[in-house]
Amino acid sequence: MTSWGRDEPEPRSWTSGPWSVDVRGDELADVTFDGSLVLRAVRAVIRDRDWNTVPTTVVSAELGDPLSLSLRFDGFGAEFDGTLSVTAEGDILTVSFSATAHRDFLRNRIGLVALHPPTLAGHPLAITHPDGTTTLAEYPDTIAPHQPARDIAALAWSAGGLDIAARFTGDTFEMEDQRNWTDASFKTYSTPLDVPFPVLVPAGTEISQSLELSVSRVAPAAIQDDPAIVFTRTDALVPEVSAGSAVEHLVVGAPTEVAPAVAALPPRTRRVAVFDAATHITEPALWDALVAAAAGRFELVGGTRAHFTELNRTHERLPADLPALTFSITPQMHARENAQLVESIGMQRLVVRDARAIAAGRPLHVGPVTLRPRFNAVATSGVVEPAPADERQSSPALAAWTIASAAALFQPGVASVSWFEESGPKGVAGFPVEEAIRWLRELAGHPLFIAEDLPRDVWAVAAELPTGPVALVANLRDEPVTVRLGTPFDRGVSIPPLTALRLG
């Protein structure tokens with residue numbers, strides 16, 4: 001059992017010539033060529049009619065030549081057996097996926113997904129379509145609300161001194177910007193979203209897809225060092241910090257339901273938002289009803305009770321007179337691995353960057369930030385079950401993760417950030433994360449220092465307290481790290497793995 005409180009398969013490395021892949025359960029992670037990253041990951045995924053990911057079991061794994069994983073997909077009404085295999089020959093690596101359905105199943109998507117690293121933002125991208133034509137584009141810098149690449153048969157890009165080409169077979173593919181959900185990737189996946197779903201997959205159906213990567217070295221790979229942490233004092237104050245949502249959510253189906261919901265609010269209520277039960281955003285008619293019912297008694301905000309995705313895609317139709325915006329965050333929309341949590345931190349910083357641009361000077365209320373989604377915002381069946389508690393909620397590592405999350409989210413324009421719940425299995429009370437929330441509350445309302453030039457998976461934030469500057473530093477690596485803190489601290493510090501320190 002790790003500091004995360006959750007066992008995961010130990011990654012195993014597979015190499016063939018210049019190619020290397022880390023096998024992490026059912027995921028082919030960190031696909032590299034000659035030491036340079038080509039893809040963040042490749043995996044085979046089955047999604048049900050509510051976009052739930054069908055649980056995958058690795059029945060057996062052969063890390064020979066070829067690499068072969070025997071997979072079992074079982075859950076949410078699905079029952080599939082499949083094989084994911086990898087072969088390499090010179091500068092070409094091929095990933096093949098085949099599966100057979102053993103019962104009728106309503107699917108939204110079945111097939112390979114390829115995750116491109118977020119460091120490709122701004123890089124040119126060539127998209128070859130099934131008819132043989134090519135479109136020149138780029139990986140988006142600003143988080144794209146909709147698919148940045150569609151109708152894909154092949155892609156070509158350059159990174160890390162490599163020219164890379166990827167060819168897909170077995171379906172038409174497209175790409176989405178998963179940074180919308182704080183995933184550290186651009187995802188190329190099969191079955192475009194404009195194809196109607198769900199679709200019945202009859203028992204006996206066989207599925208076959210492949211991804212062929214062709215790579216050549218055109219320049220030396222860059223060498224990266226761990227830099228010193230530079231703190232920049234801002235004109236902003238550290239945001240308000242809370243456990244549980246800082247905004248009271250009214251979720252209604254019609255404007256007539258708003259006034260009764262306002263009348264039932266507890267006396268301690270300070271800040272209120274209203275959201276449509278189906279679209280999960282502040283629809284104009286609901287906002288007008290809230291303004292009338294509140295009669296100036298509360299601080300009112302609007303936006304979405306779901307992910308930044310919904311804010312990014314719908315902000316132009318939100319009421320123009322919203323005085324402040326809100327959205328929530330979870331790192332586990334698409335995957336549950338510990339690495340997924342760690343990688344989401346940098347994406348949280350990008351999400352706030354783009355949310356500030358949407359807010360256009362209005363304050364942001366971010367949260368609650370929760371390990372697992374509070375509800376399924378994309379369910380099509382009408383059945384929305386709350387997610388169970390995550391076993392990592394009580395882990396020591398969550399305290400460090402929460403400090404790192406704060407370091408990413410504390411930016412000028414952010415008025416408040418809330419995490420988890422106050423108590424219970426999804427809360428902070430009695431768990432190690434409670435101390436992290438206490439440290440963050442100590443900084444709230446004081447001048448904010450933002451940390452820049454951060455070493456990999458090390459995060460820091462600081463504030464000027466009446467007694468002097470205080471920094472919170474988190475190490476999300478699995479090994480200890482020694483870092484140098486710049487002005488106003490000017491000191492070195494060693495941080496144990498998956499640990500946060502308070503330095504003052």
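Strands, labelled E, are DSSP runs of at least two residues, and helices are DSSP runs of at least four, both numbered from the N terminus. The views below show a predicted model.

**Figure 1. The protein as a whole, with six helices and 33 strands.** The radius of gyration is 23 Å, close to the 23 Å that the globule rule gives for 504 residues, so the protein is as compact as a globular protein of that length. Taken along the principal axes, the box that the C-alpha atoms fill is roughly 65 × 60 × 45 Å. Of the 504 residues, 53% count as buried, where buried means under 20% relative accessible area.

Figure 2. Strand E20 (240-243) and strand E21 (248-252) each contribute at least two residues to the lining, and the largest share, three residues, comes from E20. By class, the lining of the second largest pocket is made up of 11 nonpolar, seven polar and 11 charged residues.

**Figure 3. The largest cavity, which holds about 60 Å³ of space.** A search of the whole structure finds three cavities of 30 Å³ or more. The residues that line the largest cavity come from several parts of the numbering: Arg-305, Ala-306 and His-307, then Ser-328, Ile-329 and Thr-330, and finally Thr-370, Pro-373, Arg-374, Phe-375 and Ala-377. Divided by class, this lining has five nonpolar, four polar and two charged residues.

**Figure 4. An open sheet of nine strands with antiparallel pairing.** The strand order across the sheet is E5-E6-E7-E8-E18-E14-E13-E10-E11. Strand E5 (56-63) and strand E11 (134-138) stand at the edges, and because each has a single partner strand, one side of each is left without a neighbour in the sheet. From one strand to the next, the twist averages 15°. Strands of a sheet pair through backbone hydrogen bonds, in either the parallel or the antiparallel sense.

**Figure 5. The antiparallel pair of strand E7 (residues 78-89) and strand E8 (residues 92-101).** Glu-89 has Ile-92, in E8, as its bridge partner.

**Figure 6. Strand E29 (residues 458-465) and its pairing with strand E28 (residues 447-452).** Seven of the eight residues of E29 are buried, so that the strand is mostly covered. Strands E28 and E29 run antiparallel and are joined by three bridges, with Ile-450 standing opposite Val-461 in E29. The two strands form a hairpin with five residues between them, and in the turn Asp-453 has a positive phi of about 55°.

**Figure 7. The pairing of E29 with strand E30 (residues 468-475) over eight bridges.** The pairing of E29 and E30 is in the antiparallel sense, and Val-458 stands opposite Asn-475 in E30. A hairpin of two residues joins E29 to E30, whereas the hairpin of E28 and E29 has five residues between its strands.

How values were computed:
Residues numbered from 1 in each chain as written. Predicted model: local features only at pLDDT ≥ 70, side-chain atom pairs only at ≥ 80, totals over all residues. Heavy atoms only, no water. Buried < 20%, exposed > 50% of the residue type's maximum accessible area, 1.4 Å probe, protein only. Pairing = 2+ DSSP bridges. Axes fitted to C-alpha atoms, helices over the stretch in contact; angles between N-to-C directions. Nonpolar A, V, L, I, M, F, W, Y, C, P; charged D, E, K, R; others polar. Rg over C-alpha atoms; globule rule 2.2 N^0.38 Å. 1 Å grid on protein atoms, 1.4 Å probe; cavity = no way out; pocket = protein on both sides within 12 Å on 5 of 7 lines; lining within 4 Å. Points joined across faces, edges and corners; volume = space filled by probe spheres on them.
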